[in-house]
Amino acid sequence: MAGAASSGTQEQKKGKQQAPFYLVKCPDCSREQKVFSRPSTRITCVICGSELATPTGGLGKFRAEILRNPA
Ligand SMILES: [Zn+2]
């Protein structure tokens with residue numbers, strides 16, 4: 001068996017890390033919407049303006065119910 005030399009010339013896509021979006025349900029009007037999992041600003045419901053998530057520096061703190069995590 002011969003040891004295979006690894007070629008380190010494979011191109012990789014870098015710097016395009018996408019954080020997932022959550023599908024959440026507004027606790028007040030039940031409107032479902034997609035929101036960024038790591039919000040940098042407060043996220044409010046598009047219908048009633050109720051607060052859905054607040055930024056924490058990392059993953060947002062969600063007040064709304066998270067229905068699904070579409071990766
Ligand atoms: Zn709402």
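In the predicted model, the secondary structure of the protein chain comprises zero helices and six strands. Read from the N terminus, the elements accordingly follow the order β-β-β-β-β-β. The protein chain has 71 residues, of which 13% count as buried. Among its contacts with a separation of 6 or more, 29% are made by residues 24 or more positions apart.

Three of the strands form an open sheet, arranged in the order 2-1-6 with antiparallel pairing. Strand 2 (32-36) and strand 6 (65-68) are the edge strands of this sheet, each pairing on one side only. On average, and with direction ignored, neighbouring strands of the sheet are turned by 45° against each other. In general, the strands of a sheet pair through backbone hydrogen bonds, in either a parallel or an antiparallel manner. Here, strand 1 and strand 2 run antiparallel and are joined by five bridges. Within this pairing, L23 has K34 of strand 2 as its bridge partner.

The largest nonpolar core consists of eight residues, namely Y22, V24, C26, I43, C45, L52, A53 and A64. At least two residues of this core are supplied by strand 1 (21-25), and at least two by strand 4 (51-54). When residues up to four places away in sequence are not counted, C26 touches R31, C45, I47, C48, S50, L52 and A64.

Notes. Residues numbered from 1 in each chain as written. Predicted model: local features only at pLDDT ≥ 70, side-chain atom pairs only at ≥ 80, totals over all residues. Core = buried A, V, L, I, M, F, W, Y, C linked by C-beta atoms within 7 Å. Buried ≥ 20, exposed ≤ 12 C-beta atoms within 10 Å, placed from the backbone. Helix = DSSP H or I, 4+ residues; strand = E, 2+ residues; numbered from the N terminus. Contact = placed C-beta atoms within 7 Å. Pairing = 2+ DSSP bridges. Axes fitted to C-alpha atoms, helices over the stretch in contact; angles between N-to-C directions.
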